[in-house]
Amino acid sequence: MSSNHSKRLWMYAQMVKSRHFEDMIKPAYFEGKTPVFNMAKGPLPGEMHLSDGQEPCAVGICAHLRPDDVVTATHRPHHIAIAKGVDLNAMAAEIFGKKDGLAGGRGGHMHLFDPAVNFSCSGIIAQGMGPAVGAAMAARMRGSDAVAVAFLGEGAANQGAFHESLNLASVWKAPVVFVIEDNSYGISVPKSACTAVASNADRAAGYAMPGHHVGGNDPDAIYEAAGIAIERARSGSGPSLIEIETSRLEGHFMGDPEGYRPKDEVRRLKEIDPIPAYRTRLLEAGFEESELDRAESEARGLVDQAFSFARSNDYPEPKEAFDHVFA
């Protein structure tokens, strides 16, 4: 098996794993929330943001990363966490609020943190960009060639933190890559209604760094662009910005009535779902159907095991509520 073959098979398996993980979340999330939707009810209370459709962004980037590379992700983090290698059992337990979760069940799905693979995410828009620049500079000061990658949505490109982070990263030639997952909507607001430029990749020029635009929600094209940007960072040549056109197959959050989005648009996006499209491409490239089936089966088995672990795990003791500091 060539390295390219194994890498593409890995990317496909991670995409399947992420999708199955979220397919398992959907029924669990609605437990206790029907017939009248109440976000506070059930085993998964609070908002839930799924990343169905955005899997290519995660695998194309993370396929180049090592455990010592740092990733900061957004409030829609599951696909990125899985591709970065976050412990699946602990991640599922965290989402269920259980004691053996990544943060002892205290953070929930928007605050996943796994120091073993240097992964974190945040519910605050653009919040991970500054810490990614700091992590990149820390790696350089340690004499390491590790890099940092900050994922963000296209709406975050209008936040002050975006511009401050790009500016400082460029001034310091920090080994960091900024990745914009452009799914066309900031919550319910179309990108065209709130962003002055058609392509946020163009904004990179304002900070003297390369800007790459990747269309088609294509794992292989993302992998190629990421290879250039990450090698540039790892070699000490400075930061890059990658903008990826992707698609959000679900609403902004589970239970979102999506009155702002035409039904035809959702139907069209599901017709070009990147996972079956990638499977077809791999088969056309000579991959055996049996190896793809095996990769799918193994990925789904790991997810099923993680959800069984999370369901059977205990909740934290109430007396531990004040034992830690939330920051």
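## Terms and basis

Buried means under 20% relative accessible area, exposed over 50%, and partly exposed in between (1.4 Å probe, protein chains only). Helices (H or I, at least four residues) and strands (E, at least two) are DSSP runs numbered from the N terminus.

The model is predicted: local features need pLDDT of at least 70, side-chain atom pairs count only at pLDDT 80 or more, and totals for chains, interfaces and linings use all residues. Residues are numbered from 1 along each chain as its sequence is written, and side-chain values use heavy atoms, with hydrogens and water left out.

## The sheet

An open sheet of 7 strands has the order E2-E3-E1-E4-E5-E9-E8, with mixed pairing; two strands pair if DSSP finds at least two bridges between them. Strands E2 (113-114) and E8 (211-214) each have a single partner strand, so one side of each lacks a neighbour in the sheet.

E1 (residues 70-73) pairs with E3 (residues 119-121) in the parallel sense over 3 bridges. Thr 72 is opposite Ser 120 of E3.

## Helices on the sheet

Helix H2 (residues 55-62) lies across E4 (148-153), E5 (176-182) and E9 (240-245), at about 170 degrees to E4. Helix H6 (residues 160-172) touches E4, E5 and E9 and makes about 150 degrees with E5. Contact means heavy atoms within 4.5 Å; axes are lines fitted to C-alpha atoms, for helices over the stretch in contact, and angles run from 0 to 180 degrees between N-to-C directions.

In H2, 8 of 8 residues are buried, among them Cys 57, Val 59 and Ile 61.
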